[in-house]
Amino acid sequence: MNAGELLATGEAWLMRPLFSVGQGSVSLGSILMAMLFLGGIWWFAGALENSLNRLARRHSDEPWKFARFHMLTRLLRYSVWVIGTLVALNYIGIDLTSITLLGSAFAVGLGFGLQNIVSNFVSGVIILLERSLKVGDFVDLQSGVRGHVREIAMRYTRVSTNDSLDVLVPNSEFINGRVSNWTLDDSYRRMHVPFGVAYGTPKERVRDAARAAAAAVPGIIDAGAMRTNVWLVGYGDNAVNYELVVWADRERSTHPASTHAKLMWALDDALQRAGIEIPFPQRDLHVRSGTLDVRMRPASEGG
């Protein structure tokens, strides 16, 4: 058998129908070609997204532009995947107009446990389309996860905490659970820092010291409607309780723990400079009857 006959035999074997779907038949050759086509389409989609992401990094200093680029590139990638898959299936010979076939395949997929994957994928598409969540936002989830959104993928959203811990959160959690988006519309947030001072301290001195502490922390806004305030909120067992109420910019509000620590540090320094006492727990002992023997020893004796 010469080379031409071998080639003809191989071609006939590849094009031999394996099974029929609707009005068409599927051969091994068509399956191999469809797999190669799918691989090329998926590679092209990934390369296209990476190229557009490199372009988007030029706007990394403008969070809203970067988030919009990320949304468009991710939706474009999904679109290329879907169109390429439909073309490949049509090349194989599967009639996509057969509603019964598609419904059966979808039901089988759900039956094998794909409902979570489908739910997360659809949730991710909804998040990208409605733009209630975007890359760069600072979120606080019902599960306790708090951090910056770094990526919205097909199945999960990557949230990076301020401790540089990446948490992969299923997309469906953003749809079904409570989500606090600290940077959805406004870049400024109000923060409350409670503290206490000794009884008898003039309120005006406390207010001036607390305002001076807030002014010493970079990123704290004190202008217009976003003024720094000092609230007297209650009388405790050992102290008069106040709250330092400040407005923080995006950088400070998205790092709440470190901002709170900086404000407490500055507040402690300001209260000390003003000679304001920070109280500590103490108890008064009242003797209603009998006698109490109290003996004092010089400090040099120790004990």
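Me: Before we start, what counts as a helix or a strand here?
Reply: Helices (H or I, at least four residues) and strands (E, at least two) are DSSP runs, numbered from the N terminus. On that basis the protein has eight helices and eleven strands.

Me: And where do the model and the numbering come from?
Reply: This is a predicted model, where local features need pLDDT of at least 70, side-chain atom pairs count only at pLDDT 80 or more, and totals for chains, interfaces and linings use all residues. Residues are numbered from 1 along each chain as its sequence is written, and side-chain values use heavy atoms, with hydrogens and water left out.

Me: OK, salt bridges. How many are there?
Reply: Six, counting a side-chain nitrogen of Lys or Arg within 4 Å of a carboxyl oxygen of Asp or Glu. One of them pairs D137 with K134 (3.5 Å, N to O).

Me: Is D137 buried or exposed?
Reply: Buried, at 1% relative accessibility. Buried means under 20% relative accessible area, exposed over 50%, partly exposed in between (1.4 Å probe, protein chains only). K134 is buried too, at 19%.

Me: What about D140, which residue does its side chain meet?
Reply: R146, in a salt bridge (3.4 Å, N to O). D140 is buried at 16%, whereas R146 is partly exposed at 36%.

Me: Which residues form a network through shared partners?
Reply: E151 and R158 meet in a salt bridge (3.5 Å, N to O). Bridges that share partners join E151, R158 and D166 into one network.
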